[in-house]
Amino acid sequence: DPTGADRDVDRLREMLHAAYGLKPGLVAFGEFTLAQRSVDSPGPADGSDAGVADSILGLRYRFFRHDSGPLDTLRFAVQGAVRVPTGSDEFSSDSFNPSIGVTMTMIRGRHGVNASAKYELTTGSTSLRLDPGDALADHVQLTAAYLYRLAPASYADSSHSAWYTQLELLGHAETNGDADLEVAPGLLYEARRWAAEASVILPVADDLEQRPRRELGLAVGVRML
C-alpha cells in the first residue's frame, strides 16, 4: 500500500445495472451496488463492514448508427450521469458527482470492439479510499474490449446462442496523479434472451500514491435482454 497504511483488503461488490429504452436511441439507466469488505490493517480501519454504496443514474443517447449487414454495425453514443449519495456512511462520498462520457461499438463478422471514455467530476471523498474516484480528485476512466466469436463460425437467424472470448483493458487516471491499467481476459456466452460472462482482472501498470494497488480480481455477470 503506497499510502503507508499497510492495508490488505478483500472486497465483494454486487451490482445491479438496469436500463430502460425511452425511445429509439435514448436509454435511461441506473446502477445500484451492495458492498462488503474486510480490511487487515494495523490502524483503526481494521475490520469488516458491509452496506449500500452510492448509486448512479443517467441517460445515454445514440447519435450515430450505421448497419452494414445483418449483424455488422458501427454505433456511437454519449451519456450523462450523476453519482448520488445513497450509500451508507462508510461507503458513501456524501456528494453528487456528475459525469459525461462517450462510447463506441463495432461488429465486423466474428469480431467485436467496444471502447468508452468517461470524465467524473468528484465533489466529495469516501472515508476509506480504495477505488478510483474515492478521493477528492476528478476521475477519468478509459476502457476498451475486443471480442471474438468462437462458435458458431457463422451466426444466422436460426442460431440460438454463441460463445465469445474477450479481452478488456481498464484504465483509470485521477487529477491527484494516481493512475493504473488492468487487463481482463474472459469468456462470454450469449443466448437470445440472456448472457453470462466471467473475467479475471490482472494489473498491468500503476503509479499510485493515494490508494492501494489492486492485485487480483474476478468479475462474473448475468444479463437479461
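Hi everyone, let's start with Val78, which is found in strand S5, residues 73-84 (strands are DSSP E runs of at least two residues, numbered from the N terminus). At 37% relative accessibility, Val78 counts as partly exposed, a class that lies between buried, under 20%, and exposed, over 50%, with a 1.4 Å probe and protein chains only.

A quick word on the source: this is a predicted model, where local features need pLDDT of at least 70, side-chain atom pairs count only at pLDDT 80 or more, and totals for chains, interfaces and linings use all residues. Residues are numbered from 1 along each chain as its sequence is written, and side-chain values use heavy atoms, leaving out hydrogens and water.

Back to Val78: together with Tyr61, Phe63, Phe64 and Val102, Val78 makes a nonpolar surface patch of about 430 Å². Patch residues have over 30% relative accessible area and no salt bridge, with nonpolar side chains joined within 5 Å and like charges within 9 Å; a salt bridge is a Lys or Arg side-chain nitrogen within 4 Å of an Asp or Glu carboxyl oxygen. Strand S4, residues 55-67, gives the most to this patch, with three residues.

Now, which residues gather in the patch of negative charge? They are Asp6, Asp8, Asp10, Asp40, Asp46 and Glu215. Glu215 sits in the loop between strands S11 (194-207) and S12 (217-224), and is exposed at 67% relative accessible area.

Asp6 comes in the segment before strand S1 (8-23), and has a positive phi of about 55° although it is not a glycine.

Finally, have a look at Ala151 and Pro152, joined by a cis peptide bond with omega of about 0°. Thanks, everyone!

Notes: Areas by Shrake-Rupley, 256 points an atom, 1.4 Å probe, with all protein chains shown as cover. Lys, Arg positive; Asp, Glu negative; His and termini not counted. Charge placed at Lys NZ, Arg CZ, Asp CG, Glu CD. Helix = DSSP H or I, 4+ residues; strand = E, 2+ residues; numbered from the N terminus.
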